[in-house]
Every structure is written in structure tokens, then in C-alpha cells.
Amino acid sequence: MEKFDPQYKKSNFPQIRPEWLALRQEAVLQPEQRIVDAHHHFWDEESAPYHADDLMADIATGHAVEATILVEGKARYRAGGPAHLRPVGETEFAAAQAERADGRGVRLCAGIVAWADLLLGPEVEEVLDAHAEAGKGRFRGIRSRAAWSDDAALSGPADGPPQGLLLDPLFQQGVKVLARLGLSLDVWVYHTQLADVAQLARDCPEVQIVLNHVGGPLGIGPFKGRRAEVFEVWRAGMAELARHGNVAVKLGGLGMPRTGFPFASAETPVPSEELASAWRPYVEACIDSFTPARCMFESNFPVDKGMCSYPVLWNAFKRLAAGYSPDERDALFRGTAMRAYQLDAKQTAG
């Protein structure tokens, strides 16, 4: 069995070890709970490729996932043609992968959240139109990878965006094109940038903003060993952001190496009870500020697969949602995602 390597790729990239994950087996809790997985990726990572058949195998472990939202991950860009249109290749790939699951009880990629350079401003409309054509009715919006830090410990798959991207006037012109076309904007930032998201929400109130990964609380590099301090800063930022009704938040992503939780290096995978206990403060703070109507659970697979398996992850979420009413749980597990990504019953039927 492959051992955990704390220096894996030296880039905060998850190390996925199927044999290690198999050491933790749990019965599926509340198998009747219907789920829209609000955030996953397909990728060609050499050590652990993840495509439609891999996601379907994870879903087949027992949770009632009826639809998923594919979020861009820099996969399968076009090899040629105009540079600004090359990301459309990922939407083409996602739509083709989704068709592999048709008729198998799950609507994979019922929504596709792609990437486009919003710094194109008004000219980004050409790219959005190309995504819409490639998505075959599944294209729902764009994600901005705005997570920025000048600390080398926080580099890796999220590197590249300039500081202050969300406040750039040209970027916001691109966001307004999204709003005009009825498309959403996913945003990935670190907790140090939540004020920028709040300003974007004020400047562009007409666009649906979906904040990824509970707002990116960090636990490595300069934030290592400062969890309580980071939590208070993060919670205040999230409470302020929640004042903007055009912002929803995804509950997940806490299995990423950047969060600093140590579970990926455990001798055996930890049970869902332990994950739920560690993640509860973040999830409950989000729900308290945003309400269930603006919160949605996400797997963030295969990224979070470095820490836990699909059945254990959703068991942890179900433990976290146990104290809410049936209607609130339905919002957390599917309703909010359906509204944010404009899905209807037909689009969540496999």
C-alpha cells in the first residue's frame, strides 16, 4: 500500500491512495436522502485520473446522488486555436463524459461551471457563447480561481491569479456579462480575501456568486498552528459576506491540504464522526450566517479524496445536517444547488 508522503509534489496537491481509503468502511447513513453534489472535477492527473466512470463508481457506494455540478479544473483545454477559446475544450470533454452516464440513474454534470478569462471584459461574451454551445444545455457559469497569496507555502494548483483580481474594473465588466446572460460566478479565494468577495457582491449585485470551499480557511504555511485565530477572522469575514443576498456558499473542501487538517496522514482513514466533529464549527458558522437556503454541500472530489472516501464524506455531511429540519436538509443537500445552478426536476433525473 502506498504510504503517505508529506512532501507529495510539494504543491499542496492531494495524494489519493485507494488501498488506504478502503481501510475505512462505513454503512451509508440515511440512504434515502437525495443529493445534488454541488462541486466535483474531472482530471487527467497521472497518479489518479478521475473521469465519469470513476465518479460513478464513487456514487455507486450508496448515497442517493441524483445529479452533479462539474467545476472547471484546467482539464482538456483545446490544443490549438485562439488562446481565449482553448478552455472550451474542458466543457466539450465534460459534456462527452456526462453522456457516458446517461441512463444510469444519475445526471452527471447537470451543470457545468467552466473557466473564461473575465479580464476580457465585454469581449468575454464570445467565450461564454462557445461554452454554451459545447455544453449542450449544461453550461451554467464561470469559476474564477482568485485564490492569491505571496507566500510560497500557498502556491500550487491555485497559483496564477493577480492580486485584487475580483476588484479589477475590467474583470467586473466581465462579471456583468455573466449577469446579463443569466450565468453564475463561482469564486475560489482564501479567507484573507473575503472582503474582496464582499466588495464584488456590492459592485455586481445582479450576479449569483457561489463561494467555494467555505471561504478557504487556511491552516498551512504562515497560518499553521493558528487555527483558532484564523477561525475568528474567517467567521467575521463570512458573517459580513452573508449580508449580500446574491452570495451562496459551498460546504466542503475542508479535505484539501491547504486547510491543514491532519487526517490524510493518519495510519487509517478517520471515521465520519471525527470528520464531522472537526468540520462542525465551519459548517455551522456558514449555515448560521447564510441559512440553509444559501448553503450547499459539495464533495470537491477527487481533491478531497486524499482525506476520505465518498461514502465517508457524505456520512460526515449527514451527521452535520442531523439537527436541521427535513426542509432545511433538503436545501443543504440539493435545493440550494438546484436554485443556484438553475436545475429543474428533469435535469436531476438520470
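A cavity, for this notebook, is a set of grid points where a 1.4 Å probe fits but cannot get out, and a lining residue has an atom within 4 Å of such a point. I keep in mind that I am looking at a predicted model.

**Entry 1: the cavities**

I began by asking how many cavities of 30 Å³ or more the structure holds. I found two.

I turned to the largest cavity, which has about 50 Å³ of space in it. I then looked up its lining: W188, Y190, H213, G216, P217, L218, G253, M256, R258 and T259. Sorting these residues by class gave me five nonpolar, four polar and one charged.

The second largest cavity came next, with a volume of about 40 Å³. Around it I noted A146, W148, P162, Q163, G164, L165, L166, V189, Q193 and D196. I wrote down six nonpolar, three polar and one charged residues for this lining.

**Entry 2: salt bridges**

I reminded myself that side chains of opposite charge can pair when their charged atoms come close. In this structure I counted 21 salt bridges, and I picked out a few to follow.

**Entry 3: E66 and R34**

I saw the side chains of E66 and R34 meet in a salt bridge, at 2.9 Å from N to O. E66 sits in strand β2 (residues 64-71) and R34 in strand β1 (residues 34-40), so I noted a link between distant parts of the chain, 32 residues apart.

Is E66 buried or exposed? I looked up its relative accessible area, and because the value is 9% and buried means under 20%, E66 is buried. R34, at 42%, is partly exposed.

**Entry 4: K305 and D58**

My next pair was K305 and D58, whose closest N and O atoms are 3.2 Å apart in a salt bridge. K305 lies in the loop between β8 (295-297) and α9 (310-320), while D58 belongs to helix α2 (residues 52-59), so this bridge ties together parts 247 residues apart in sequence. I looked up the burial of the two residues as well, and both K305 and D58 are buried.

**Entry 5: R107 and D102**

Last, I looked at R107 and D102, whose side chains meet in a salt bridge at 4.0 Å, N to O. R107 has 21% relative accessibility and so counts as partly exposed, because buried would mean under 20%. I noted D102 as partly exposed too, with a relative accessible area of 41%.

Notes
Residues numbered from 1 in each chain as written. Predicted model: local features only at pLDDT ≥ 70, side-chain atom pairs only at ≥ 80, totals over all residues. Heavy atoms only, no water. 1 Å grid on protein atoms, 1.4 Å probe; cavity = no way out; pocket = protein on both sides within 12 Å on 5 of 7 lines; lining within 4 Å. Points joined across faces, edges and corners; volume = space filled by probe spheres on them. Nonpolar A, V, L, I, M, F, W, Y, C, P; charged D, E, K, R; others polar. Helix = DSSP H or I, 4+ residues; strand = E, 2+ residues; numbered from the N terminus. Buried < 20%, exposed > 50% of the residue type's maximum accessible area, 1.4 Å probe, protein only.
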